[in-house]
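Let's take a look at the aromatic rings in this one, and at how they pair up.

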Amino acid sequence: MAPASKADKKAAVDAAAWLFNVVTSVGIIIVNKALMATYGFSFATTLTGLHFATTTLMTAVLRWLGYIQPSHLPFSELLKFVLFANFSIVGMNVSLMWNSVGFYQIAKLTMIPVSCLLEVVFDKIRYSRDTKLSIAIVLLGVGVCTVTDVSVNTRGFVAAFIAVWSTSLQQYYVHFLQRKYALGSFNLLGHTAPAQAMSLLLVGPLLDYWLTNKRVDRYDYNMGSLMFILISCSIAVGTNLSQFICIGRFTAVSFQVLGHMKTILVLTMGFFFFGKESLNLQVIFGMVIAVVGMIWYGNASSKPGGKERRTHSLPVSRQQKHGTLSESTDPSGKD
């Protein structure tokens with residue numbers, strides 16, 4: 001009876017973590033779209049820096065209150081993570097500017113195969129045939145939903161390549177660092193958020209000027225735009241935290257696969273906000289395929305042999321001998 005109740009509790013926490021991530025991610029997309037479309041605030045990289053500055057403030061308060069215990073992350077690991085994360089952010093922004101929307105969406109879809117490759121190479125993960133097929137169905141469905149015009153150029157391809165690999169490495173590294181150094185989501189954010197905030201706030205204004213030919217310090221700030229920036233930063237704390245929780249509890253691949261539910265929700269909400277033009281028969285067909293693939297993936301990857309690590313043990317730091325916070329990860333690496 002006890003194992004069943006433990007499994008039920010884990011399932012409930014897993015569902016809550018996914019719901020938390022979906023709600024905050026969709027929420028921040030809506031707020032940022034309003035901020036950029038209504039108020040013309042087009043400084044995406046600087047805004048991301050402000051998001052991490054707010055997250056840094058949150059982790060500092062939690063540490064002061066005693067909710068985050070002291071922990072250690074080697075500087076070399078922190079540096080690698082920040083490089084992956086910042087190249088991901090910059091790469092995505094540049095890729096969107098240099099590529100057609102269709103190629104940008106295709107590039108995003110390739111993150112799942114790349115994440116799978118990283119897990120196979122570094123974690124010795126083995127996927128069953130059903131798990132592989134379910135991932136392919138999800139990719140097909142989301143592709144049908146989102147990919148329209150597709151054109152590619154050399155610089156756009158390079159930007160997309162950097163964005164895909166850096167994002168996949170960043171998400172893989174979240175799971176890797178939490179397991180290797182026994183870091184909870186709050187602890188890892190406490191290490192990474194300050195470095196990302198500082199670096200993005202230094203680079204962001206320059207990059208945004210290069211991308212938009214506008215200076216963030218000359219933007220016409222008003223009460224409306226400041227309110228939306230504040231709301232965006234507040235939601236971003238939840239988005240950053242929920243991403244670390246979800247990847248820590250699952251893996252980067254599962255986060256990518258099931259994360260496409262957010263794409264489905266954004267498309268559906270677009271129908272209610274913008275009318276029938278945003279939800280045609282092709283989009284509905286793709287959404288149905290993607291949802292079927294997600295359900296199949298959840299079922300296939302949870303079965304014995306669906307997704308398992310071959311005989312391989314990850315080096316663990318001494319820190320695991322001491323109690324740390326909070327969202328502990330499954331050492332088996334299974335979903």
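Tyr219 sits at 12% relative accessible area, so this residue is buried, the cut-off being under 20%. Keep in mind that this is a predicted model. What about Phe43? With a relative accessible area of 2%, Phe43 is buried too.

A quick reminder on geometry: a pair of aromatic rings is described by the distance of the centres and the angle of the planes. The count here comes to 16 aromatic pairs. Phe43 and Tyr219 make an edge-to-face pair, because their planes stand at 80 degrees, with the ring centres 6.1 Å apart. This pair links distant parts of the chain, 176 residues apart. Phe43 belongs to the loop between α1 (2–39) and α2 (44–65), while Tyr219 belongs to the loop between α8 (185–212) and α9 (223–249).

Another aromatic pair, Phe84 with Tyr173, is edge-to-face as well. Here are the two pairs side by side:

| Pair | Centre to centre | Angle between planes |
|---|---|---|
| Phe43 and Tyr219 | 6.1 Å | 80 degrees |
| Phe84 and Tyr173 | 5.6 Å | 85 degrees |

Where do Phe84 and Tyr173 lie? Phe84 is in helix α3 (residues 75–98) and Tyr173 is in helix α7 (residues 154–180), so their pair ties together parts 89 residues apart in sequence. As for accessibility, Phe84 is partly exposed, at a relative accessible area of 21%, whereas Tyr173 counts as buried at 9%.

Technical notes: Residues numbered from 1 in each chain as written. Predicted model: local features only at pLDDT ≥ 70, side-chain atom pairs only at ≥ 80, totals over all residues. Heavy atoms only, no water. Phe/Tyr/Trp six-rings, centres within 6.5 Å; stacked < 30°, edge-to-face > 60°. Helix = DSSP H or I, 4+ residues; strand = E, 2+ residues; numbered from the N terminus. Buried < 20%, exposed > 50% of the residue type's maximum accessible area, 1.4 Å probe, protein only.
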